[in-house]
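Hi everyone, thanks for making time. I'd like to walk you through one model today, so please have a look at it on the screen before I start talking.

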Amino acid sequence: MPQQLSMPVSYVSCTAAEGQCPLREHCLRSKVYRESTEGVFFSPVITVVNFKSPQNRALTNECKLYRTDQPKRFARGMKHIFDLVPKMQYKAVQQAVQNCFGCRRTYFYCKKGEQLISPGEQTAIANVFQRHRIDTPPHFDDYVECLDWE
């Protein structure tokens with residue numbers, strides 16, 4: 001059973017009815033709406049997709065707001081990520097990895113394992129290692145599977 005991250009308070013859900021949208025069956029936004037009536041996901045305010053907006057392409061196979069309901073693999077902690085980085089490259093690699101998170105504070109939360117590292121952030125970190133020609137890929141402390149609310 002995948003670990004559940006808390007649903008964001010302002011998460012946009014989808015009210016598409018069965019047969020109305022081809023992506024409904026595995027769409028996290030649709031699942032949130034369906035299960036909110038059953039008390040699985042609960043929010044005092046529900047924000048929904050605007051089907052009439054042409055930018056969303058809602059109710060089609062090209063819906064820009066589609067999010068998969070399949071769990072993704074998040075990393076937890078990276079206390080030893082720089083252990084095999086050569087001393088001459090350490091500062092540059094460390095700075096580039098910090099830049100993958102948007103701010104230093106988030107980087108330190110992720111490094112300690114207090115905040116999960118998304119699949120996209122893991123890819124960005126791996127790209128940093130490749131750009132700096134570090135042969136060993138980055139090593140994270142642990143992995144967990146959970147829903148990706150992004």
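This is a predicted model: local features need pLDDT of at least 70, side-chain atom pairs count only at pLDDT 80 or more; totals for chains, interfaces and linings use all residues.

Let me begin with how I name things: helices are DSSP runs of H or I with at least four residues, strands are DSSP runs of E with at least two, and both are numbered from the N terminus. Under that scheme, the elements of the protein chain run β-α-β-β-α-α-α-β from the N terminus on. That gives four helices and four strands.

Residues are numbered from 1 along each chain as its sequence is written, and side-chain values use heavy atoms, with hydrogens and water left out.

First, the overall dimensions. The C-alpha atoms fill a box of roughly 60 × 30 × 25 Å along the principal axes.

How much of the chain is buried? I call a residue buried under 20% relative accessible area, exposed over 50%, and partly exposed in between, with a 1.4 Å probe and protein chains only. On that scale, 39% of the 150 residues count as buried. As for contacts, meaning heavy atoms within 4.5 Å, take those between residues at least 6 apart in sequence: 70% of them join residues at least 24 apart.

Next, the inside. A nonpolar core here is a set of buried Ala, Val, Leu, Ile, Met, Phe, Trp, Tyr and Cys residues joined through side-chain atoms within 4.5 Å. The largest one has 18 residues, and Met 78, Val 93, Val 97, Phe 101, Ile 117, Ile 125 and Phe 129 have the most contacts inside it. Helices H2, H3 and H4 (119–131) each supply at least two residues of this core. Apart from it lies another core, of seven residues, including Ala 16, Cys 21, Leu 23 and Val 49.

Leaving out residues up to four places away in sequence, Ile 125 touches Met 78, Ile 81, Val 97, Cys 100, Phe 101, Ile 117, Pro 138 and Phe 140.

On to the helix packing. Two packed helices are described by the angle between their axes and the distance between the axes. The axes of H2 (residues 90–99) and H3 (residues 104–112) come within 8 Å and cross at roughly 100°. H2 and H3 are therefore roughly perpendicular to each other. On the H2 side the contact is made by Gln 94, Val 97 and Gln 98, and on the H3 side by Arg 104, Tyr 107 and Phe 108.

Under 35 degrees counts as roughly parallel, over 145 as roughly antiparallel, 65 to 115 as roughly perpendicular, and the rest as oblique.

Within H2, the buried residues are Val 93, Gln 94, Ala 96, Val 97 and Gln 98. H3 and H4 are among what covers them. So is Gln 98 buried or exposed? At 7% relative accessibility, Gln 98 counts as buried. Beyond residues up to four places away in sequence, Gln 98 touches Cys 103, Arg 104, Tyr 107 and Phe 108.

Finally, some spots in the loops. Leu 59, in the loop between strand S2 (47–48) and strand S3 (72–76), has a positive phi of about 65° although it is not a glycine. Leu 59 counts as partly exposed, at 25% relative accessibility. Arg 133 sits in the loop between H4 and strand S4 (142–146), and its phi is also positive, near 55°. Arg 133 is exposed, with a relative accessible area of 72%.

Tyr 66 lies in the loop between S2 and S3. Setting aside neighbours within four places in sequence, Tyr 66 is in contact with Leu 23, His 26 and Cys 27.

Definitions and conventions: Axes are lines fitted to C-alpha atoms, for helices over the stretch in contact, and angles run from 0 to 180 degrees between N-to-C directions.
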